[in-house]
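Subject: Structure handover

Hello,

Here is the structure for your work. Please load it first, then read the notes below it.

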Amino acid sequence: MTGVLLAAGLASRLRPLTDTLPKSLLQVGGKPILQRTLEALHGAGIERCVIVTGYLHKKIERFANALCLPLELAFIYNAAYEHTNNNYSLWLTREAVDGEEILLLDADIVFHRTILDRLLRSMHRDALIIRKSNTLGNEEIKCELDGEGAVLRIGKYLDPSKAAGESLGIEKFSASTTRRLFEVLERRHVHNEFYEASFQEMIDSGVRLYAIEAGNLPCMEIDTPDDLAVAEDLASNLQ
């Protein structure tokens, strides 16, 4: 299985913290987010990771290589990072991972390492991590589930009252589903949209994508200074 890490974004909402530093290199609990993620991937048995960069990409490459983890790293530069969304970044990895099992992560997530184990050990070949919540708003990527825990609908603009929880940006896909995903992205990457729109198309065509609950394990996306402050409070529990 290959890890795919999307780290191209501008992180404009975190300025001035990100004026000279990409979001993935911001520190949480004294350690850069990217280091936490790469160490977690290695700890979960992942041996290869493809990282899509954009904003301040050389800093990401230098930092990741300097860690000297026993993890094969490949970098793909998204030259259009200023006006594309994460679906485009994911599409750029096609030649590197098409037809492989992948573990897909956004690079702005801090999470307990056990969450990766929980996802990878799941009996479901295609699955994503969700955080159950009754207080979802307009910003979260929300999931509606069927009675068996499979995702029926996924997206930012779903009715929060119908959602079982928030998708946290950590997914695993079987080789066959990865091929299907890139077939969809081949058409959709030209649209400025989140990659969940491609997930939804796959689901509508019959792909079963199951939700695995994070439970009480800490996991959150970093978008704003307030998010960063909350993550700092969680840092002592991020093992």
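**Overall build**

The chain has 8 helices and 13 strands (DSSP runs numbered from the N terminus: helices are H or I with at least four residues, strands are E with at least two). The radius of gyration is 16 Å, close to the 18 Å that the globule rule gives for 239 residues, so the chain is as compact as a globular protein of that length. That radius is taken over C-alpha atoms, and the globule rule is 2.2 Å times the number of residues to the power 0.38.

Some ground rules. This is a predicted model, in which local features need pLDDT of at least 70 and side-chain atom pairs count only at pLDDT 80 or more, while totals for chains, interfaces and linings use all residues. Residues are numbered from 1 along each chain as its sequence is written, and side-chain values use heavy atoms, with hydrogens and water left out.

The C-alpha atoms fill a box of roughly 45 × 40 × 35 Å along the principal axes. Buried residues make up 55% of the 239 residues. Buried means under 20% relative accessible area, exposed means over 50%, and partly exposed lies in between (1.4 Å probe, protein chains only). Of the contacts between residues at least 6 apart in sequence, 74% join residues at least 24 apart. A contact here means heavy atoms within 4.5 Å.

**Cores**

The largest nonpolar core has 31 residues. Leu38, Phe111 and Ile170 have the most contacts inside it. Helix α1 (residues 33-43) gives this core its largest share, 4 residues. A nonpolar core is a set of buried Ala, Val, Leu, Ile, Met, Phe, Trp, Tyr and Cys residues joined through side-chain atoms within 4.5 Å.

Strand β4 (residues 48-53) is mostly covered, with 6 of its 6 residues buried. Arg48, Val50 and Val52 point one way, and Cys49, Ile51 and Thr53 point the other way. In a regular strand the side chains alternate between the two faces of the sheet.

β4 runs parallel to strand β1 (residues 2-7), joined by 6 bridges. Gly3 stands opposite Cys49 there. β4 also runs parallel to strand β5 (residues 72-77), again over 6 bridges. In that pair, Cys49 stands opposite Leu73. From β4 the chain crosses through helix α2 (residues 57-66) to β5, and this β-α-β crossover is right-handed. Right-handed means that, with the strands pointing away from the viewer, the path from the first strand over the helix to the second runs clockwise. Strands count as paired if DSSP finds at least two bridges between them.

**Strand β8**

Strand β8 (residues 127-132) pairs with strand β11 (residues 165-173) in the antiparallel sense, over 5 bridges. Ala127 stands opposite Lys172 in β11. β8 also pairs with strand β12 (residues 210-213), in the parallel sense and over 4 bridges. Ile129 stands opposite Ile212 there.

**Cysteines**

How many disulfides are there? The count comes to 0 disulfides, taking a disulfide as a pair of cysteine sulfur atoms within 2.5 Å. The sulfur of Cys49 is 16 Å from the closest cysteine sulfur, in Cys68, which is too far for a bond. Cys143 is in no disulfide either, and the nearest cysteine sulfur, that of Cys219, is 13 Å away. Cys49 counts as buried because its relative accessibility is 0%. Cys143 is buried, with a relative accessible area of 0%.

**Helix α7**

Helix α7 (residues 196-204) is mostly covered: 7 of its 9 residues are buried. Its cover includes β6 (102-106), β10 (151-155), β11 and α6 (175-188). Gln200 sits in this helix. At 15% relative accessibility, Gln200 counts as buried. Gln200 touches Leu152, Arg153 and Ile154, leaving out residues up to four places away in sequence. Just after α7, Gly206 takes a positive phi of about 115°.

**Toward the end of the chain**

Ser236 is found in the segment after α8 (225-234). Is Ser236 buried or exposed? Ser236 is exposed, with a relative accessible area of 57%.

Best wishes
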